[in-house]
Amino acid sequence: YRVLGMKWGVHRGRAKEAYGKASKKLSKISTKVEKFDAKSRKMIKKADAKEYGLFGSQKKAQKYRMKAAKNNYKSAKQMRKAVKWCNQMDKAFQGTTVKRSKAQIELGKEYVKRLNTRTEVRSVLY
């Protein structure tokens, strides 16, 4: 049987390993965001080609615009998930002494810069 007050399945003191897993998950989420953004841009390009092309079709252009909107929605959803997850990880690693290298800090700054430019482009498109 169990001992009263014992915490089952809680591992303490593994902040460095947990930080590695957390950064790996963040990169997976950012890859999904980039994938949906790329699909959205591709569908917008196809819609413009169908609408303004030589043999234009409004119906097909509308279909591609709907697909672009769907991929844009998925991208925004993944972005919200990433932001929420980052906030949770900031809370989780707040009391730990995990040191980040300069390369990791620069990578993080570059990631935030790309996110900001992506939202600016998205606001211009829609």
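**Salt bridges and surface contacts**

Mentor: In this predicted model, R65 forms a salt bridge with E51, and their closest N and O atoms are 2.8 Å apart.

Trainee: Where do R65 and E51 sit in the chain?

Mentor: R65 is in helix α2 and E51 is in helix α1, 14 residues apart, so that the pair links distant parts of the chain.

Trainee: How many salt bridges does a search of the whole structure find?

Mentor: The search finds two salt bridges; besides the pair with E51, R65 forms a salt bridge with D48, where the closest N and O atoms are 2.7 Å apart. That pair, too, links distant parts of the chain, with R65 in helix α2 (residues 58-92) and D48 in helix α1, 17 residues apart.

Trainee: Switching to rings, which residue lies over the face of F36?

Mentor: K35 lies over the face of F36, at 5.1 Å from the ring centre, while K63 lies over the face of Y64, at 5.9 Å from the ring centre. The count of aromatic pairs, on the other hand, comes to zero.

Trainee: Which residues form the nonpolar patch on the surface?

Mentor: V3, M6 and W8 form that patch, with about 340 Å² of accessible area together. V3 is placed in the segment before α1 (15-52), and V3 counts as exposed because its relative accessible area is 51%, where exposed means over 50%.

Conventions. Residues numbered from 1 in each chain as written. Predicted model: local features only at pLDDT ≥ 70, side-chain atom pairs only at ≥ 80, totals over all residues. Heavy atoms only, no water. Patch = residues over 30% accessible without salt bridge, like charges linked within 9 Å, V, L, I, M, F, W, Y side chains within 5 Å. Areas by Shrake-Rupley, 256 points an atom, 1.4 Å probe, with all protein chains shown as cover. Salt bridge = Lys/Arg side-chain N within 4 Å of Asp/Glu carboxyl O. Helix = DSSP H or I, 4+ residues; strand = E, 2+ residues; numbered from the N terminus. Buried < 20%, exposed > 50% of the residue type's maximum accessible area, 1.4 Å probe, protein only. Phe/Tyr/Trp six-rings, centres within 6.5 Å; stacked < 30°, edge-to-face > 60°. Lys NZ or Arg CZ within 6 Å of the ring centre and 35° of its normal.
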